[in-house]
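Trainee: I'd like a close look at a single part of this protein. Could you pick up from the side chain I ask about and walk me outward from there?

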Amino acid sequence: MITIREMQIDDLEQVMPIEEANFSIPWTETGFFTFLIRNDALFLVAEEDGEILGYLGILISFDESEITNVCVAEKARRRGIGRALMEELFHRMQERKVRVIHLDVRISNTPARNLYESLGFVQDGLRKGYYDLPKEDAVLMSRTDESVPKR
């Protein structure tokens, strides 16, 4: 059974190999650490039998937020882990009265874009040449949860 919970510093031992295997320019352990101790950040992990299979992070600013990263280990893909992480995130953002969630994704990452669209995200911009290794455009997406009262 998959459990979604807040990421702890000790989880970095399992998170870092997933990060390094999936990104051409991975975050460093120090980078994760600096975000884990921030009050305006939330990081979640998906765990099964003590093994971390995926994670996501978000920065929160009043009633808006921005997803910093979403990653599922290659061996655990197509099991609904990304969706489960996102749905738990939505629940937690609703509790915090966060009204809008932003993210960016490589234009070539069709599986992620399809997942985000199925979760209510809409494309609202494009950043030319945003990503490196390889150089690629970023699709900007956002999701507004109308069930959260506006300020």
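This is a predicted model: local features need pLDDT of at least 70, side-chain atom pairs count only at pLDDT 80 or more; totals for chains, interfaces and linings use all residues.

Trainee: What is the relative accessible area of Asp132?

Mentor: For Asp132 the value is 37%, so this residue counts as partly exposed (buried is under 20% relative accessible area, exposed is over 50%, and partly exposed lies in between, using a 1.4 Å probe and protein chains only). Residues are numbered from 1 along each chain as its sequence is written, and side-chain values use heavy atoms, with hydrogens and water left out.

Now, what does Asp132 do with its side chain? It meets Lys135 in a salt bridge, with N and O 2.8 Å apart (a salt bridge being a side-chain nitrogen of Lys or Arg within 4 Å of a carboxyl oxygen of Asp or Glu). Lys135 itself has 57% relative accessibility, so it counts as exposed. Elsewhere, salt bridges that share partners tie Arg5, Asp11 and Glu47 into one network.

Let's stay around your residue and look at the strands. Strands (E, at least two residues) and helices (H or I, at least four) are DSSP runs, numbered from the N terminus. E6 (residues 122-131) and E7 (residues 136-144) make a hairpin with four residues between them. In that turn, Leu133 has a positive phi of about 50 degrees. The two strands run antiparallel and are joined by six bridges (strands pair if DSSP finds at least two bridges between them).

Now hop over to another hairpin, the one of E2 and E3. It has two residues between the strands, and Asp49 takes a positive phi near 50 degrees. E2 and E3 pair in the antiparallel sense over eight bridges, and Glu47 stands opposite Ile52 in E3. E2 also pairs with strand E1 (residues 3-6), antiparallel over four bridges, with Thr3 opposite Glu47.

How covered is E2? Eight of its eight residues are buried. Ala41, Phe43, Val45 and Glu47 point one way, while Leu42, Leu44, Ala46 and Glu48 point the other way, and all are buried.

Glu48 brings us back to salt bridges. Its partner is Arg79, and their closest N and O atoms are 3.0 Å apart. Arg79 sits in the loop between strand E4 (64-72) and helix H3 (81-95), and Glu48 in strand E2 (residues 41-48), so the pair ties together parts that are 31 residues apart in sequence. Arg79 has 46% relative accessibility, so it counts as partly exposed.

Glu51 and Lys75 meet in a salt bridge with 2.4 Å from N to O. This pair links distant parts of the chain, because Glu51 is in strand E3 (residues 51-61) and Lys75 in the loop between E4 and H3, 24 residues apart. Glu51 is partly exposed at 32%, whereas Lys75 is exposed at 62%. Across the whole structure, a search finds 12 salt bridges.

Last stop: the surface. Patches are made of residues with over 30% relative accessible area and no salt bridge, joining like charges within 9 Å and nonpolar side chains (Val, Leu, Ile, Met, Phe, Trp, Tyr) within 5 Å. Areas come from the Shrake-Rupley method with a 1.4 Å probe, with only the protein chains shown counting as cover for residues. Ile9, Phe33 and Ile37 make a nonpolar patch of about 260 Å². Of these, Phe33 is found in helix H2 (residues 29-36) and is partly exposed at 35%.

For contrast, Asp63, in the loop between E3 and E4, is buried at 15%. Asp63 and Gln94 are 31 residues apart in sequence, with their C-alpha atoms 9.6 Å apart in space.
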